[in-house]
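Please walk through the model below, one region at a time.

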Amino acid sequence: MLLDVRDLQVRFDTPDGVVEAVRGLDFELAGGESLGIVGESGSGKSQSVLALLGLLAANARVSGSARLAGGDGGIELIGARRRVLERVRGARIAMIFQDPMTALNPHLRIVTQIAEVLVRHRGLRGRAARARAIEMLEAVRIPDAARRARYFPHQFSGGMRQRVMIAMALACEPEILVADEPTTALDVTVQAEILDLLAEARARTGAALVLITHDLGVVAGQCERMLVMREGEVVERGGIEGIFAAPEHDYTRALLAAVPRLDPPGGGGS
Ligand SMILES: Nc1ncnc2c1ncn2[C@@H]1O[C@H](COP(=O)(O)OP(=O)(O)O)[C@@H](O)[C@H]1O
Ligand SMILES: [Mg+2]
């Protein structure tokens with residue numbers, strides 16, 4: 001198994017007491033597989049994946065295990081040293097966030113930021129790294145990539161910025177791509193383009209995908225399996241088709257009821 005998460009718990013100490021954000025999450029991810037994590041806002045989706053990468057807020061306490069394949073018996077991510085996590089992050093597990101501005105440095109040109117990743121994780125040097133960075137931007141279909149590579153993040157639209165994030169995430173050829181609501185902030189048409197791009201990138205690189213969303217429609221198009229989270233716990237899990245055909249949990253049924261039908265029975269016309 002590429003990633004094996006067992007009994008993951010995330011608690012936050014707050015002035016009003018302890019918030020139990022993730023309460024015993026288990027899941028496995030095989031190489032190349034795509035897993036959707038769905039659930040409404042506040043159900044613990046983001047904290048679950050941030051915990052894997054050691055990116056939780058300072059008031060968090062984590063327990064459980066998240067084992068990434070490799071080396072002798074794998075690498076335990078929970079409680080791992082900063083240096084270990086930094087090597088995993090970007091190089092083996094890359095994250096795409098809802099708001100790319102949180103991950104991009106506003107003061108650096110895009111080409112510089114992508115080249116930096118290539119230098120750090122793939123050992124490329126200056127000129128080669130920059131050339132590769134431009135290729136990566138071309139791969140996510142940024143028009144006129146050689147020129148736009150010199151842009152600063154704010155010079156891109158939201159959709160273009162998300163393309164830049166995908167290019168950056170793919171730059172070190174990660175085994176796992178974690179996308180946390182990657183299209184939530186975008187217009188519907190742009191959302192579809194970004195999702196296509198993600199699918200294409202996965203097909204090309206063979207990366208596994210953990211896709212977090214509150215939108216079951218998105219998961220249906222991208223994932224093989226899914227987890228449904230509610231209040232920090234998994235309430236349903238399984239293959240996409242099975243869950244869509246026969247959801248077991250009321251909560252899943254309610255989420256499904258909120259998905260606009262893509263293919264209305266009878267061939268349309270409502
Ligand atoms: N730093 C923090 N301190 C206290 N509570 C937090 C903190 N970060 C997140 N939470 C809480 O953890 C819960 C799960 O959050 P999150 O995983 O971000 O939800 P989502 O499913 O929308 O991604 C929420 O109730 C949220 O308010
Ligand atoms: Mg979230």
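Val62 is partly exposed, at 35% relative accessibility; on this scale buried means under 20% relative accessible area, exposed over 50%, and partly exposed in between, with a 1.4 Å probe and protein chains only. The residue belongs to strand β4, residues 60-68. Strands are DSSP runs of E with at least two residues, helices are runs of H or I with at least four residues, and both are numbered from the N terminus. Between the C-alpha atoms of Val62 and Gly79 there are 8.0 Å in space and 17 residues in sequence.

This is a predicted model, in which local features need pLDDT of at least 70 and side-chain atom pairs count only at pLDDT 80 or more, while totals for chains, interfaces and linings use all residues. Residues are numbered from 1 along each chain as its sequence is written, chains are lettered from A and ligands numbered from 1 in the order in which they are written, and side-chain values use heavy atoms, with hydrogens and water left out.

Two other strands supply buried residues. Phe12 sits in strand β1, residues 3-14, and is buried at 12% relative accessibility. Its C-alpha atom is 29 Å from that of Val218, a residue 206 positions away along the chain. Thr213 is part of strand β8, residues 208-213, and is buried with a relative accessible area of 4%. A polar atom of the Thr213 side chain lies 2.7 Å from the backbone nitrogen of Asp215. A polar contact is a pair of N or O atoms within 3.5 Å; within protein, one must be able to donate a hydrogen and the other to accept it, and residues adjacent in sequence count only if both atoms are side-chain atoms.

Which residues come nearest to ligand 1? Gly42, Lys45, Ser46, Gln47 and Asn59 do, out of 13 residues around the ligand, where a residue is near a molecule or strand if one of its heavy atoms lies within 4 Å of it. For Lys45 the distance from a polar side-chain atom to an oxygen atom of ligand 1 is 2.8 Å. For Gln47, an N or O atom of the side chain is 2.9 Å from an oxygen atom of ligand 1. Asn59 has a polar side-chain atom 3.0 Å from a nitrogen atom of ligand 1.

Lys45 also belongs to the buried part of helix α1. This helix, residues 45-52, is mostly covered, with six of its eight residues buried. The buried set is Lys45, Ser48, Val49, Leu50, Ala51 and Leu52. After α1 comes Gly54, with a positive phi near 65 degrees.

Most residues other than glycine have a negative phi, and most peptide bonds are trans. Asp144 has a positive phi near 55 degrees; it lies in the loop between α4 (126-139) and α5 (145-148) and is partly exposed, at 42%. Glu173 has a positive phi of about 50 degrees. Glu173 is located in the loop between α6 and β7 (176-180) and is partly exposed at 44% relative accessibility.

Arg127, in helix α4, is exposed at 76% relative accessibility. Next come the cysteines. How many disulfides does a search of the whole structure find? The search finds zero, a disulfide being a pair of cysteine sulfur atoms within 2.5 Å. Cys172 is buried with a relative accessible area of 2%, and Cys223 is buried at 9%.

The last topic is the largest pocket, which has a volume of about 550 Å³. On a 1 Å grid over the protein atoms alone, a pocket is an open set of points where a 1.4 Å probe fits, with protein on both sides within 12 Å along at least five of seven lines; lining residues have an atom within 4 Å of a point. Grid points are joined across faces, edges and corners, and the volume is the space filled by probe spheres set on the points. The lining has 21 residues, and Gly90, Ala103, Val117, Arg120 and Met168 lie nearest the centre. Two or more lining residues come from each of α2 (82-91), β6 (93-96), α3 (110-122) and α6 (158-170). The largest share, five residues, is that of α3. By type, the lining has 13 nonpolar, four polar and four charged residues; Ala, Val, Leu, Ile, Met, Phe, Trp, Tyr, Cys and Pro count as nonpolar, Asp, Glu, Lys and Arg as charged, and the others, Gly among them, as polar.
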